[in-house]
Each structure stands twice: as C-alpha cells, then as structure tokens.
Amino acid sequence: MNHTRIEDELLLKQYYSRYGGYWRFPDMLDYCYLVNPYFNRSAIIKEMQDFFPVLVSEYPSGMVVNSGLASECWGIKQEYIVVGNGAAELIKAIMESLEGKVGVVRPTFEEYPNRMPTEQVETFVPQNDMFRYGADDLIEYFGQHPVDTLLLINPDNPSGNFVPVEGIHKVAQWCEDKGILFILDESFVDFSLGYEQNTFLRDDILEKYPHMCVMKSISKSYGVPGLRLGILCSANTELIAKMKKQVSIWNINSFAEFFMQIYPKYRSDYKKACKQFIKSREDFEVELKKIPFIKVMPSQANYFFLEVLPPYKPKELCAILLNKYNILASACLAKKGIEPNRYMRIAVRNHGDNEKFIKAMNELNE
C-alpha cells in the first residue's frame, strides 16, 4: 500500500468512526448513512419544533405508554411490540440473549453479528457476482448448516437484495417447522415497490409465525435518526416482555415519544414521501448505470451497492469524492464476506442531491 492509499483510508476512517454528528459539516452531502430524504420535510417536523420548549423540559413516559403509542402507529397489539432507543438498542438486547448458532447472510449490517462471538455465527455468502439470493438458497444452505437462529435483513444491507413476500413466508414457515428463531429486519422494506404489501408487521402474520420477530428502524424509514426510534415485534409475548424488562425505564426521549403521539395525523405524508423516494431511486439508477467505472447492483432499498471498476478503487474514489466534492460515501471498509477495496455503498437522497452526485461522478470519468 503506497502513502496515498494510507492517507485515503485514514481520512475516511476519521469520518466513519464518528458514526454521525455530521451537522458539524453543513456543506457535506452524506451518502453514507441511510435515511428517508422526504418524510422529514413533512409538517410533522414543524409541529415538533413548536413543542420543543415543552418537550425539552419534560420527562418522557415509560414503556407502557410508549408501547401503546407504537401499537397505534404501526397497528400491532401492544403486548407484541417493544420500543427501542433506535433499533440498535434492541439489536444489542436480542443478540446478546441468544444461545447456539446464528445464521447470517454476508455482506450484512455488522451490528448484528458483532454482538456475539465469531464461533457462534454461521455465514452464508451468495456465490454470484451480484450477491443475489432467494428463499430456497437460504433454506438449502441453513438446512445443511443447522442454526438455532436465522437473521435476514430484507431488503439486505448493503447488497440491496430483496426476497419477495412469498419467499419470506416460505422462510418463516421453514423456521417455524424447524423450531428456529427467525429475526426479520425490515428496516428498509418501505422503500420497496408495493411496500405496503411487503411488510410482516401485522398481527395475523406475527401470530402465524410465533418463532419470528420483526425489527424495524424508524430512523431509516422515516428519516428521523436523531430521534433514536426502533421497534421489535413478535407474537411471542414472553420474548417481548423480556425485552421490555431489559431496557431502561426511560429508554426513549420526549421527542421520540411525541413523534409517535402525533404520527397518525401524518400517515398520508409518509405514503407520499415513500412514492417520491421510489421515483428518486429509479431516476438515480438510470444515471448511475451510465457511469462506466461502476457496476450497479439492483436495489429495493434506499441505497445502491456498487462494484468499483478500473481506473478507480473504492477507497480512492470515496476519498476523491470527499476531498474534491464534499460527498461522503461508504467504502465498506468493515464489511465481511466481500473482497476488500472492491465495493462501495451509496445512499439515495433527493433528486437535487443525486444530480450533484452524478455530476461529480461524470467529471471523474472525463
């Protein structure tokens, strides 16, 4: 590795290791973190601003009230839902409680497997250059490599792979028949085509598969990561009750609680934002595919996984984007299951920002 490559990696790590707080860089376009770019323009934010003096001076409610609010927001029985200080709090709680082997698909969101010893993790890596897989691939692999828990992120992060709803039912039923705990993370499902039919956050589906629990990051779907909100749902009321006891008494703040309190008034805004987003992603994909030094993987999420082709490498390309254009993208430095310094992931933002990204990439092609 030459001096320049070392400098590139150090520069990127300085930003990646912050894990956020990017308001300190107001001119930077964040293509690293993954949030809905449209819903946080809704009038829901204005209402929260109006209540700021009250919210900052009042304690939030406890879990009973907040799980009730979440129940109303997402249409799930209160005893089936636990609210977290972001999905990260719930991921930590559930993963550290698991025993036996845990099956994961890689590359993945490493926050899940990072919470357990390496020897406990059974990894499936799709054997194709687009990292595509379906329900049958999962059942075949984990049928031959038995696990006690199966984790599936759908759409997957970072690959953008999407298993259709029929396939998720097939995997859920297989896990049910085998007595395997099925953790389905659908934090990005609202970005998929026909998303309202793709979610498993329904009482009847949860009751059909009591070995299943469904995780959802509200930060990503609703574009409000600063609120720190996530939910975990399951018809296994014993599991949910245990999770509620594991979190602290005031595990979410007053702003997050107030968001859930008023969200039902803004459902139509959210649906509109999801439609806007899907159009933005489709237009972005068309332009990305015109750039000769990247290969774009199909995505049903709010990001694209890219193979970087000569004359660039991901670390070099991400460093140039940051230095020259003030654009921060992920060089996937910590991702396992992929060849190092070959792939990168970029978020999908609004049309205006995406045009700036495309302009920068086209200039680098000249």
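**Burial, strand pairing and helix packing in a predicted model**

In this predicted model, Ser 42 is buried, its relative accessible area being 10%, and a residue counts as buried when that value is under 20%. Ser 42 belongs to the loop that lies between strand S1 (29-31) and helix H2 (43-50). When residues up to four places away in sequence are not counted, Ser 42 touches Tyr 266 and Asp 269.

Helix H2, at one end of that loop, has Ile 44, Glu 47 and Met 48 as its buried residues. These residues cover an arc of only 100° around the axis, and they therefore lie on the same side of H2. Among the elements that cover the buried residues of H2 are helix H3 (52-57) and helix H12 (254-262).

Burial was also examined for two strands. Strand S2 (residues 81-84) is covered on both faces, with Ile 81 and Val 83 buried on one side, and with Val 82 and Gly 84 buried on the other. The pairing of S2 with strand S8 (residues 230-233) is antiparallel and extends over four bridges; within S8, Gly 230 is the bridge partner of Gly 84, a residue that is itself buried in S2.

Strand S12 (residues 343-347) is mostly covered, since five of its five residues are buried. Here, too, both faces are covered: one side carries Tyr 343, Arg 345 and Ala 347, while Met 344 and Ile 346 are on the other. S12 runs antiparallel to strand S10 (residues 303-308), and five bridges join the two. One of the residues concerned is Glu 307, whose bridge partner in S12 is Tyr 343, and Tyr 343 is also among the buried residues of that strand.

The description of packed helices rests on two quantities, namely the angle between their axes and the distance between the axes. For helix H13 (residues 267-288) and helix H15 (residues 351-364), the axes come within 10 Å and cross at roughly 10°. Because angles under 35 degrees count as roughly parallel, H13 is described as roughly parallel to H15. On the H13 side, the contact is made by Lys 279, Ser 280, Asp 283, Phe 284, Glu 287 and Leu 288, whereas H15 contributes His 351, Asn 354, Phe 357 and Ile 358. Sorted by class, the residues in the contact of H13 with H15 comprise four nonpolar, three polar and three charged ones.

How values were computed
Residues numbered from 1 in each chain as written. Predicted model: local features only at pLDDT ≥ 70, side-chain atom pairs only at ≥ 80, totals over all residues. Heavy atoms only, no water. Axes fitted to C-alpha atoms, helices over the stretch in contact; angles between N-to-C directions. Parallel < 35°, antiparallel > 145°, perpendicular 65-115°, else oblique. Contact = heavy atoms within 4.5 Å. Nonpolar A, V, L, I, M, F, W, Y, C, P; charged D, E, K, R; others polar. Buried < 20%, exposed > 50% of the residue type's maximum accessible area, 1.4 Å probe, protein only. Arc of directions from axis to C-beta. Pairing = 2+ DSSP bridges.
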